[in-house]
Structure formats: structure tokens, C-alpha cells
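Q: Could you take a close look at one strand in this model and walk me through its surroundings?

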Amino acid sequence: MREPTALCRTSFTCDWTYDVFLSFRGVDTRKSFTGNLYNSLCQKGIQTFIDEGLNRGEEIMPALGQAIRESRIFIAVFSENYASSTHCLNELVTIMECLEERGGRLFWPVFYGVDPSQVRYQSGSYAEALENHENDDKVMKWREALSRAANMAGWHFQHGSQSESKFINKIVKEVSKRINRSLLHVADNPVGLESPVLQVTSLLGQGSEEGVSMVGIYGTGGIGKSSIARAVCNLLAFQFEGLCFLSNIRERANNHDLAQLQETLLAETLGEKDIKVGDVNRGIPIIKKRLHGKKILLILDDVDKVKQLKVLAGGRDWFGSGSKVIITTRDKHLLCTHGVVKSYEVKELNDEKALELFSWHAFRSNKIDPGYAHVSKRAISYAHGLPLALEVIGSHLFGKSLHVWTSALDKYERIIHKEIHETLKVSYDNLEEEEKGIFLDIACFFNSFEIGNVKEMLNLHGFHAENGIQVLTDKSLMKIDGNGCVRMHDLIQDMGREIVRQESSEPGRRSRLWFNQDIVHVLEENTGTDAIEVIVLDLSKDKKVQWSGKAFSQMKNLKILIIRNAHFTRGPKNLPNSLRVLYWSGYPSPSLPSNFNPKNLVILSLPESCLKSFKSLKVFESLSSLDFEGCKFLTELPSLSGVPNLTILSLNNCTDLIRIHSSVGFLDKLKLLRAQGCTQLEILVPFIYLTSLETLDLRDCSRLKRFPEVLRMMENIREVYLDHTNIDELPFSIGNFVGLRQLFLRDCQRLNQLPSTIHILPQLEIFTAYGCGCRGYRFRLPEEEVEKVAMWLEISNLCFLGTFIGR
């Protein structure tokens, strides 16, 4: 089946021009069967199209094509001479194409005085008629259309076997049953629904009568899932023997027994009243028994528990062939758990559609008032394509002055609108406690951050990040984009921040602080409490924090403290011992507080700070990352033997650093050691044996004269950067760098010789040493590698470049 390619809005808002379109051979049945059928349909108030033309040509007239497009049920009366009319055949082809391309239609064949096999296989009078048309290039299309039409369920009338009037009444009754179903209100302004409805109907396999189709529609709250489901229901409703739309299942399941939902399902699909099942375990076999042979359309709206699916649509064998089941939910994982393979994620509206929807609510028109154009764009930006927000904000602003619009948007950007907040908060309320904490951390601090960094911060806060992030993703509360960054909808982020804001009217009694004004207030007024777990402050450097330094004394549960760009009048007199992350750019004191017991500290980062001395004590046993980058007053790095778990040490641009304690050469978990631009450093350490080290970076250490002796083999080393150093030789023991892949010695002008052990390093791929003093040094390369090496050569100012590829 070809995918539907177009859809009129009227087809799911139920504004059809015709309920029924009759296709027939006029000379056969106009004044008999078809005329009587037409009159009976009209008497029942069924809008029916009948072609009154007696002398039609072969081609479909524009008005006739439009009538076909605007009809929802097609009845083709296949009589003895139907195929002799090319006009009828072309009309049938157009109907079949409309069924495929537009969806939401129903076709019934009526075999009037002919056997269905004659139409299906083009035998008898149909064979003779098509032989007469054999020279027409449309014959293959006509044959295909006849075969398809005859394979669809319909009626067979044989003269003398039954009363024609009773036969017509049977058709009229079935048409009335289908079109008189209570249809659903989709939306006041169904903007942007056409494409989603098409895609969902395509996933359902519209037109397929084999098996039972289950399709999930998922997305965040207020995104339009239920509107799409209602539109699909209206589009397809009359094609099924039974129909049930169970709305707000999450809320109804909380307030009522699931057995009541089972009873509603049975009552609506069977058209019976007062069905009782007693309890869910009795209801399951009753549903399976009563609906097993019935073709139904079932919509389960706003499902949030797998159990709800198990008792209402436990399996595809519950319903008759051709049945369709649609499930809307905020939880993608719930669909997977129930074995729903086909699903559609509802996306935010693009700017064009968002502006149209907003206009209908804010101006009661699809046109923006030119005087409100700029502020309307601001509202669109705020809503970020969320239909709920566009409708709520637009309706609230309708009829109000430009000044009120501006004031209202100022408020919403600070505090999310209550109605939007409550709708979005439903997803948060369904989370476990730890998942709620992860959600609040991302909403308050880490939206748009790289996923690896987010996981690290969440783990350090004490959460199980991997599982929690998956849950939030499944529940449509966040995504991970193609660049590996966390993406949370702006309004979902606002909802999370509002939850934290509502913890207390006093910022110092909230769990998380991200708003600069609140943080400065807490620090300057000493109003912090043990409720605070995370603080992230990012001020401009010219903003001063006038504080006493005592503000952290009451923050007994502070785990993450991140301060960027702020200027403090003094350093802290104390820091919480609960800290796991301390990042303080421009830290104002020469040392950490003497009473600070950093037993839990995992990350210590004090870039561009006033730090002069650092005491390494046993209490730093949890420390994994130490960053003193740009600490221009730091002259010495003391023993780090009390920091056994250190994996990252960064000393870049510590321009006064003279001495590094020899213990740094024996940190067996250290993976990264950086000391770029330490211009006073003459020796790193005398000896190294760093079993986990992967990268050693000493670029631009212009006074560095000596490279450490490598005591034993280091298998994990990958990169060594010694560019622009003052090294005059490398030790023979560099041959112990057995894992080394890249060695850079650019512009090491005092380097006069290279040890022979470099030549035998088994993993070395890139070795660059141009601009150094070791002229004439050569490697003997196999002849077949010469061309590969030549591709790496840089001729300009080249003294030496050796490259090994793919050893």
C-alpha cells in the first residue's frame, strides 16, 4: 500500500461535504436500484452524491473529482454493464487512488446481479467490455481497480433471492450506523495536525485487514498527543464495527477501578449497556471472548502504567482481524515493554505553525496584528513550539494592551504559567525520588551540557545517572541530541525550576540555587541552611560579592559548589565537609580553610585563583581531579602521596611554579598530567612510573631541561607533548613507553640527539620533531612505507619529521 500523501483538515474535523458517493452505470440502475438507494439514503438525512449527468465523457470532470475528495464512504454498484463505461472505470480508479492517498475513507462494493468473481477476475460481461477497450492505454489501471474493489467486503444482490427494498434498508442501516457515531472534538484550532495524523494512519497500516495493528503516540505533556489521537479516531471511526476512545486513563485509573474502564470498553464497542465484569481478572477473558471476532478501533489515551495496557489491550489476539489500537503516553519505554513496535514521537510545532496557532488564540484570526508582531515573536520563542503554551498564553493575552503583553511575558519568563506548570508537572510526579533529583539537577544546572559531563556531575551528587537519564528520556522529559548534549524543552526546564522555587520563599532553604540574585543574597546575608545541595554561580567579573566569608558554615549538605567569574571581597572562612565538587574560578584566598576536611571531595578545580599553597593530607583520599590551571602565585606542588585516586592533574600556565614533589611520578591511577606553559619549571620529577598515564603534556615549559627517567614499562601512555621546551636529550629509558603512539618535539632547539630506543617503540605512529637540533637523524623504514611517510612531511623549515603509520 502506498503511504497517504495528503489530508484535508475537514477529514478529521468531520466537516465532510458528502457522507456517501455513489458510483454506478446509469443505463443499468439509475431508475431502479441506485435511484431507490439514493432516495432511501437521503430520507435518512445522509448527504449523498449522485452524478446526474446523462452524457458524460470519458474523463473525470473537476466537479466530480472534488465530490470524490469530499466524500467519506464510496458505494460502487457493479451491474452487468458497469465496465462498458470508461467513465465508470475512470471514476473507480479515482476512488481507489483517493482511498490510498488520502486515507480515512470507506469503500463498499455492491454486486448487483453479477457474481463478485466476474468483477474480481474480469470474466463474463466484464471480460467482453474490457476487450472492447483493449486499445485504451488505461486498461491495466481499470483491471487493477476492479480487482481491488471486488476484494473488499460488501454486498451481493441476486434477483429473486431477496427483497430489493430489504436489501437497500440493510445498506442504509449500516451507513447510518457508521456515520452517526459520536465524533470527538479535536481542537478549537487544529493547526499542524495534518502531517502527524497522516503518519499515524500510515503506521496503522490503513486499509490492511490482516491482523491487529498497535501504534503508540508519545511525547511530552501539552505537545498534542491526544489531539492527534482524536483526529485519527474521527478520520477512521466509521470504518470499524466497534469504536472506543478511553480518555485520561492515567487520571481515571487513579480515581476508579480498572474494571470500570474494562466495562466502558465493552459497552462502547458492543453498543450494550450495563455490562459488568466484577474485577479486572474477570474482565480480561470477557473482553477476549466478546471482541475476538470484532473489527474495532480502540484508543487508550494518556496511559502511564503497563498494567493499564495489560487489562485493556493485553494482546493482539484479543480483537478481530483488521482492528487498530492507538496508545498515547508520555513514556516511550512503556510502549516497548508492552511490545508496541510502531510508534510516533510528537514534535514541537515549527515557527510558522506556532505563529498560526498563537494567532488564533491571541487575535481570533490567523493574522498577527502588525503592532504586536515583535512581542508575538517573543511569545513564540517562549513557548518553543509547545501547543499547550501557545494556546494558554495566547488566550490569556487576547484583547489586552501591548503594555500588558510585555508585562505578562516578563512574568512568564521568570515564573512559568500555573496551567502550563501543572500539566507538565504530571510527568515529574510520576518519577521515583532519585529520578526527580536527577531531573531537577538537569533543569536547574545542566541543560545543554555534554552528556558525559552531566553524568559525572549527577554521579557525584549521589545519583545513579545512567538509569535516571534513560528514564527521563523515555518519559519525554529530555533528549540527547546528535552532538551528545542534553536537551530539555525550555518550559520543562522552567517547570523543574519552579518546583525548586516552591520549596521555600527563602532561597537559603531550597535544595538548589542557580539564580545569581538568590545566591548573592544567601552569601551576603548568611541565610544558607542544610537544605542546599548544589550551588552554581556565574557572575560577571565586575560584580562584587560583599560577604563575611561565613556563609557556608550552615550548608552541611552542600555537595556541589561551582563558582565562575565572580569577584569576592574575601575568601571563605569555612567550606562544607560534605563537598564532592569544588570548582571556584578566581578563588580569592591563598589556601583552603584550615578547618576544611575534604574527605568526600572528588573534584577540586581552582583555576585563575589566588592560591599560593596546597596541603595534601590523607583526607584527600577521594580526590580524582585536581586543577590549578592559571594559578600564577603557586610556586610549589607538595606531596600528593595522600591523593591515591587522582586521575587528572592540571597545572597549565602556573607561571611561578618551580617545584613539583617527586610523589607525582608514582600516582598509579593518574591518566592525564598537564603542565603547559609552566615557564619557571626546570624539571617535572626525577623519576616516573605512572602505570595508568595516557597523556603527558609539557608544551611551552620553556625552561624545562630534563625529562624524567622512566623506571619501568608504561603500557597505557598514548601521547607525549614536549614542544617548545629546553630539553637537550631524552633518556634511554623512554623506551619503556611501550604504549606510546604520538611524540611531539617541535622547536626543541637544544635537543641534539635521540636515544635509539625511540626507533623500537612498538606502537609509535606519529613522531614530529621539526625545528629541533638533531639534524641528520634518520630512521630506516621499510621501502613499502616510504610513500605513506611522505604524505606526512612538511617541507617548510623542516629539520626532522618521522611518522610511523599503522604498525
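A: Here's a tour of strand β4 and its two partners.

Quick caveats: this is a predicted model, where local features need pLDDT of at least 70, side-chain atom pairs count only at pLDDT 80 or more, and totals for chains, interfaces and linings use all residues. Residues are numbered from 1 along each chain as its sequence is written, and side-chain values use heavy atoms, with hydrogens and water left out.

Strand β4 covers residues 106-112; strands here are DSSP E runs of at least two residues, numbered from the N terminus, just as helices are H or I runs of at least four. Seven of the seven residues in β4 are buried, and buried means under 20% relative accessible area (exposed is over 50%, partly exposed in between, with a 1.4 Å probe and protein chains only).

Now the neighbours. Two strands count as paired if DSSP finds at least two bridges between them. Strand β3 (residues 71-78) runs parallel to β4, joined to it by six bridges, and there valine 77 sits opposite valine 110 of β4. Strand β5 (residues 155-157) also pairs with β4 in the parallel sense, over three bridges. In that pairing, phenylalanine 111 faces histidine 156 of β5.
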